[in-house]
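User: I am new to this structure. Please pick a single part and take me through it closely, in short steps.

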Amino acid sequence: MTTTESNPSAPTERSVPKPVFTDAEAGAKEFPDSSPAARRYNYFTPAKRKQTHYEDVTVEVQPDPRHYLAQGWIYGFADGTNGYPLHWTKLKAWGVDEPEPARGVGTGAMHVQNWPAHGWHEFRDPNEEWEQSLYRYNANVVRQLTQNVDNARHAKAFELWTPNWIRFVERNVGAWMHIEHILGLYVFAANERSGPTNMHNTAMAVNSTRKIRFAQDLALYNLTLTEEIDGFDGTAHVEAWNSDAEWQGARKVCEALTAVQDDWGEAIFAANIVFEPLIGELFRSNLVMQAAAGNGDFVTPTVMGAGEFDYAQRDLRWTIACFGPLAEDREFAAHNKELMQGWLSHWVPQALEAARTMQPMWSQADHKPPRFEDALDRAKSRFAGICRDLNLDTPEELKQ
Amino acid sequence: MSRQSLAKAHQKIQELAWEPQYHEPYMKYGTDYTFRKAAKKDPLKQVLRSYFPMEEEKDHRVYGAQDGAIRGNMFRQVQERWLEWQKLFLSIIPLPEISAARSMPMLFHAVPNPELHNGQAIQMIDEVRHSTIQQNLKRLYMNNYIDPAGFNNSLRNFQTDYCGTIGRQFAEGFITGDAITAASIYLTIVAETAFTNTLFVAMPAEAAANGDYLLPTVFHSVQSDESRHISNGYATLLMALSDEDNRQLLERDLRYAWWNNHRVVDAAIGTFIEYGTKDRRKDRESYAEMWRRWIYDDYYRSYLLPLEKYGLVIPHDLVEESWKQIWEKGYVHEVAQFFATGWLANYWRIDGMTDEDFEWFEYKYPGWYDKYGKWWENYSRLATPNGHNPIIFEDVDYVYPHRCWTCMVPCLVREDMVMQEVDGQWRTYCHEVCRWTDAEAFRPTYQGRETPNMGRLVGHREWETLYHGWNFADVVKDMGFVRDDGKTMTAQPHLNLDPKKMWTLDHMRRCPTFVSPNVTLNEMTDAEREAFRADYVRQGPAGRPAPKDA
Ligand SMILES: [Fe+2]
Ligand SMILES: [Fe+2]
């Protein structure tokens, strides 16, 4: 039933709304709130003097009953928890032990007096990720990669590869896609419901997206190689991942990261602070990137390089900005430091053990990369630097 | 990417599927649904190599249009009546979007089919897109539209205001309670598949008719992601259906989700489209007509009905009842009238209705004038302060309604109001289905079956409770709905920006004390309460007191 059917007398030409001059643009009249000063989101305090575009589209979108949520959360889980509980990590930020406002009959809204009420709200993603940056960045990466691989194909660059190097790429570079995929989905995406603020959860979601993309970059690169190189086995990566001894250590730690019990902080910390430098960069930078050129491969480094860049320039950056201040929190620095040191003691030995099981890969190519021990030392010193950036002590276990 | 290479890419990324070998992922969110590992359904893997450039291209169009709108002085042709309602809509909608993002990991845990997780993760990032692109659109309105008040303090307002709380169901409902009830049935199967059509298609069309072509640009771009989300939901639903034990829960959740979406979305979007527009061409579709087309025909008849053969119990009675609410019981008109009655509790300006509007309403909804015309004439008469109080405190044949405990929209179709003592408190409900939702569905047992994962309705669900016994000047000040001179109210019951015509806190100061209907209800004796009920269900339409003689 539409009116055009029920109204046969309607004119036959297309009926369109007529534009009307309303003069409803900024500055057309003067009245309370008409000044330019009123044209800014005024419900939060920016981190720096000038509020950023990123803050405008991010801050306060996820409510907090300690701010303005007058009627409180309106849905709860069966056990009574609701919203975004602050105890879904054992980390603490100043102010969290203050009670939530107790609202009820005649109390009014009880708006926050001491913005931001607790320290979690001080976090800003230094990458300032939102819709625009997210798509621009990742679209650029995939465009660049597609172009690099296409160029290589046209230049017959893969013909230079030796059989051993082909085996190395099909098995090991291939196996790495699984790690990115699992971390992307089951660590980063899996935890983006759990963070205390919109800033945290969006940073996790965007980190997740980069990882899922990188996993697919590797899978599709593997597909291209299958089509371009005679005898390149496109399924060998599955076998390597499932049964090669040198992959089982990394796999075990990677899976353990998905199994962290009810603590988004630990899961993200262990992934980006421990796993990535000690296993991720060890493999990507200190093995693949080092070994490829000597074996006549100029393409794989561009694919791996994109993932390297994701981690070094984006993932690590927001992670430091997220966890660093907690180690110096004005109320819970000692608590957080002890907790994070404990996480280091728990995860570093596992990561190192896994790293050592990867050692045989260093001797699989014809043209050998720098020695495993040197590679591991480099990864360790990178990791020690990250600990310093976080104001944490380099754990004893690193000497293992 | 070519179609052929896309198909191959699709195939290839299936190899990423993960079978845990050393550690099972931690399962944080529970469900009472059960999933035997069902046969692999359409895996819906999104190839990011084509996804990112595609979305970026969509963005170029959105941002290009925004630059063009500003250069082309779009705001000289925008209807204030329309844009004022965007202060409400755009304060609400970024939260449902981001909540949809946050709900996706709940499904990873509840649906043990890795083939679906990839699609859910991409939906997650789509929703981050939607939330931030909408926050950005609102920012553009704030910067370029004549009256930034209400946009500039948007998220504080929304979290304080009762309309915002009603809207929050459409967000918290996605992320809390039983993971499948929340993230699959309520969000994907009902909200996205049925009701986003009115949100993202019907409403933008109305925006364009009111001189705003940016809302359509942004929301069509958002809607174009929606079909993927609908497929996610469909695949999950089919998996759920394959397990007989789930059918009782599916029936419960479809009833709850359908009714709640109707109550909330039809209230808000119905009001925007019917009362927020200046477009009174007789051949433009009314909300009722759009509803019939988008929701009744496209969703109910084309999407839901065919699922009956897989064992899904469809809430036919509730679909018909919702239609009856809209078509016969004036649901949207009652809501719009209530919004306007309570204009002083909000943070946008509500324009009165003119003769041209009356004519259109009468044409589209025969009998409209007899019910609502007089009241809207009073609204205009009392619009600018002139020694009288706001309409809510004046005698205009309108009884301030009680609120529905469940959907939090007031009990406006008075004859449908029901009352029950639940959890030690007397509660009013707008309809039997809302009573059932609170008293029976959101409980740890359902029809004798254990439902330990089902969520709870919590919070201070009656907004008036917080301001029981307050003077309205203090209410408005406490909520912060005041302009930068410290006394002129953000909200106004007209569009005149002449400061002399605008209401201030001083005008509110002389109003009678505000009381909470629910607090009052709970202070009554049983006999008084029964008398109240008997009177209430005889009230209306248009909020009229019960006839004295009957
Ligand atoms: Fe969305
Ligand atoms: Fe209701």
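Analyst: **The interface, and a metal site in chain B**

Across the interface of chain A and chain B, the rule finds seven salt bridges. The model is a predicted one. The contact involves 114 residues of chain A and 129 residues of chain B. Together the two chains bury about 10,900 Å² between them. Carbon and sulfur atoms account for 58% of that area.

Take one salt bridge by name. The side chain of E192(A) meets that of R102(B), at 2.7 Å from N to O. Is α4(B) buried or exposed? The helix is mostly covered, with 17 of its 17 residues buried.

Now to the metal site in chain B. Which protein donors hold the iron ion (ligand 2)? They are the SG atoms of C404(B), C407(B), C430(B) and C434(B), lying 2.3 Å from the ion. Along the chain, these donors follow the spacing C-x2-C-x22-C-x3-C. C404(B) and C407(B) are both buried. For four tetrahedral donors, the ideal angle at a metal is 109.5 degrees.

Technical notes:
Residues numbered from 1 in each chain as written. Chains lettered and ligands numbered in written order. Predicted model: local features only at pLDDT ≥ 70, side-chain atom pairs only at ≥ 80, totals over all residues. Heavy atoms only, no water. Buried < 20%, exposed > 50% of the residue type's maximum accessible area, 1.4 Å probe, protein only. Helix = DSSP H or I, 4+ residues; strand = E, 2+ residues; numbered from the N terminus. Donors = N, O, S within 2.8 Å, 3.2 Å for Na, K, Ca; no water. Contact = heavy atoms within 4.5 Å. Buried area = accessible area lost by both parts, 1.4 Å probe. Salt bridge = Lys/Arg side-chain N within 4 Å of Asp/Glu carboxyl O.
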